[in-house]
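Please prepare a short briefing on the sheet and the nonpolar cores of the model shown here.

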Amino acid sequence: MNGAAGDRERAEELLLARISATAGRARLGRRRVTYRAPPTEPWRRRSATAWMRRLLRADGGPAGSPGARLDLYEHGLTAAVGRRIHAVRFDSTVVRRCTVLTSRGVTGALVLVDVHGERVVLRRGDFARSQEWWSLICGAVVAAQAPRALAALRQGARLAFGSLWVTADAVGCARASLRWTEVQRIEVRGGFVAVRTDGRRLVWATAASGTPNLCVFRFLAEHLARAGRDDD
């Protein structure tokens with residue numbers, strides 16, 4: 001093994017050890033899948049030594065930098081960039097969808113909150129198979145948080161999702177509200193959350209971008225609207 005390859009392997013081993021330790025402290029459970037940064041274009045490749053220095057430097061950088069990786073676990077995820085390793089728990093994080101400007105143009109991103117309250121930005125294209133990890137993260141947050149949310153609603157709670165709110169009986173925003181028996185469906189299209197009554201008439205729309213835990217809101221809305229129709 002030559003020196004450059006050995007340096008790369010040792011850097012990867014060190015990174016994996018630190019990721020595993022971070023995941024252990026956050027009690028994330030078993031690692032399920034890893035996503036790495038896409039291959040760098042040939043004209044942007046760095047030497048193995050430069051790559052290792054970037055990987056281990058203190059200030060981190062964009063998630064798409066060489067050596068960055070995203071690991072999904074049973075109860076959360078780790079996002080590693082440089083010396084920064086964030087741990088996120090699915091049962092306590094807040095996730096938002098947003099649009100960001102990158103060197104490749106405008107793209108979508110998930111913004112999460114880690115176990116220390118810091119923001120973690122995961123951009124499409126930062127890691128391979130973006131559609132897959134995006135869907136898995138949103139689905140895991142719903143699975144971890146929706147049962148607790150439903151239990152709170154059954155006890156009379158009102159849950160807020162930005163300008164939107166839900167109770168066991170109704171859904172609303174600052175301008176209007178509807179009982180679940182009146183809701184036909186709730187859509188997310190063109191960057192907006194739209195509530196419809198009879199499948200044609202739009203009742204209101206609010207921006208989807210930045211709405212906290214929109215994925216949980218959609219699950220609750222679909223569940224409660226369906227229950228309302230069944231009871232009607």
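This is a predicted model: local features need pLDDT of at least 70, side-chain atom pairs count only at pLDDT 80 or more; totals for chains, interfaces and linings use all residues.

Residues are numbered from 1 along each chain as its sequence is written, and side-chain values use heavy atoms, with hydrogens and water left out.

**Sheet**
- Three strands form an open sheet in the order β5-β6-β7, with antiparallel pairing; strands (E, at least two residues) and helices (H or I, at least four) are DSSP runs numbered from the N terminus, and pairing requires at least two DSSP bridges.
- Strands β5 (96-102) and β7 (119-123) are the edges, each pairing on one side only.
- On average, neighbouring strands of this sheet are turned by 40° against each other, direction ignored; axes are lines fitted to C-alpha atoms, for helices over the stretch in contact, and angles run from 0 to 180 degrees between N-to-C directions.
- Strand β6 (residues 105-113) is joined to β7 by five bridges, and Leu112 has Val120 in β7 as its bridge partner.

**Helix on the sheet**
- Helix α3 (residues 130-154) packs on the sheet and touches β5, β6 and β7, contact meaning heavy atoms within 4.5 Å.
- The direction of α3 makes about 30° with that of β6.

**Nonpolar cores**
- The largest nonpolar core has 47 residues, of which Leu70, Ile137 and Phe217 touch the most other members; a core is a set of buried Ala, Val, Leu, Ile, Met, Phe, Trp, Tyr and Cys residues joined through side-chain atoms within 4.5 Å, where buried means under 20% relative accessible area (1.4 Å probe, protein chains only).
- Helix α3 supplies the largest share of this core, ten residues.

Key: Buried means under 20% relative accessible area, exposed over 50%, partly exposed in between (1.4 Å probe, protein chains only).
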